[in-house]
Amino acid sequence: ELVQWAASPDPDVQFQGARSLADLAITEEHRVRIVKAGGLKPLVLLLSAERVEIQRCAVISVANLALNDENQSKLNEEGVLPPLIALAHSSDSDMQLNVARALANLAFCHEQNEQDIVKLAGLDPLLQLISLSPEIETQMESAAAIANLARNSENQRKIVETGFLVPLNSCMRSNNAELMRQAARCLANVSLNADNQKEMKEHGVAAPLIAALNSDSHDLQRLSAMALANLSMYEEMQVHLVNDGILKPINELLKSENEDIELQAARCLASLSQNENLKVQIARDVGIPHFIKMARNRPKEIQMLAAACLANLSSVKGAAASWS
């Protein structure tokens, strides 16, 4: 019956139907039932309704329905993206928040949606939202959407070319841990593209990522270390990272006893220790004995990285005498 209300020609009935479906779609059971009842088509049509409150309820419904993996594909097939992206240009703050959330949910681990959102010009309004919205929640959802889109290798370069490094850098300097986490997740993804390293260096993204290594949030530490480990693979970035002060906080992360964080820190040092100009400083500031301990007592992947660091640093004068 609620689906029929959403499909009604009467705007008042449409509103009641869309609002009720938005509320129901909070639960996984109802997400499935709404789709089986044919609810997607009328909801997509209501994204283009004349009344803003109807559009807003339809957007909330889409955002909630997109939390179901199968619904992500079905919503795209039903044509949700063009009207949803159009609503991202709305001046209504609630609309902006929910559109960003809907795009983030649609793009989450869904390759086709990741590609289609970018092809349909979804980056530009997200750039405006993350850059100009005064609402932290809207910034967070926009950053989450970009981070999800940046999982796609084809999108990584486009995201940087569109101009996202400036607002992401600002987000990393925020006092909001969740906003920082989403920004770090995005930077970790775009840093996988070697063509982005020049702009990332020019925009100074390393400094706030390094600062975030001291966060109380383990997830923010892990994501920041992951981004820095990716950047450390590029020779042009290595000296820059060390000059920005990466060694002390990355050394502390090696002692975190959180295996995911230790892994990213070890990745970073395994790359940096390949640079002849940095070997002495790494051996001095991190210490050969610490790598030996890691190579003996940590999980296999971390042991291998520690062994790689030891091999890289073996040419440093005095290092061999420290191995015993």
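This is a short walk through one protein structure, from its overall build down to a few single residues.

Hi everyone, and thanks for coming. Before anything else, please keep in mind that this is a predicted model.

Let's start with the whole chain. The protein has 324 residues, and 56% of them count as buried. Its secondary structure comes to 23 helices and zero strands. If you put a box around the C-alpha atoms along the principal axes, that box is roughly 85 × 35 × 30 Å. As for contacts, take those in the protein with a separation of 6 or more: residues 24 or more positions apart account for 69% of them.

The accessible surface comes to about 14,500 Å², and carbon and sulfur atoms contribute 48% of that.

Which residues touch the most other members of the largest nonpolar core? They are Leu187, Ile246, Leu269, Leu272 and Phe291, in a core of 111 residues. Let me pick out Leu269. Setting aside residues up to four places away in sequence, Leu269 touches Leu247, Ile250, Leu254, Ile282, Val286, Phe291 and Cys309. So one of its partners, Phe291, is also on that list of core residues touching the most other members.

Next, please find helix 10, residues 123-132. Its buried residues are Leu123, Pro125, Leu126, Leu127, Leu129 and Ile130. And what covers them? The cover includes helix 7 (81-87), helix 8 (93-107) and helix 9 (111-119), together with helix 11 (136-149), helix 12 (153-162) and helix 13 (165-172).

Here is a residue in a loop. Asn193 sits between helix 14 (177-190) and helix 15 (197-202). Is Asn193 buried or exposed? Asn193 counts as buried, because its relative accessibility is 14%, and the cut-off for buried is under 20%. Beyond its neighbours within four places in sequence, Asn193 is in contact with Ser153, Gln156, Arg157 and Tyr234.

Last stop, the cysteines. How many disulfides does the structure hold? The count is zero. Cys186, for example, is in no disulfide, and the nearest cysteine sulfur, that of Cys171, is 9.3 Å away. Cys186 is also buried, because its relative accessible area is 0%. Cys57 counts as buried too, at 9% relative accessibility.

Note on methods
Residues numbered from 1 in each chain as written. Predicted model: local features only at pLDDT ≥ 70, side-chain atom pairs only at ≥ 80, totals over all residues. Heavy atoms only, no water. Core = buried A, V, L, I, M, F, W, Y, C linked by side-chain atoms within 4.5 Å. Buried < 20%, exposed > 50% of the residue type's maximum accessible area, 1.4 Å probe, protein only. Contact = heavy atoms within 4.5 Å. Helix = DSSP H or I, 4+ residues; strand = E, 2+ residues; numbered from the N terminus. Areas by Shrake-Rupley, 256 points an atom, 1.4 Å probe, with all protein chains shown as cover. Disulfide = S-S within 2.5 Å.
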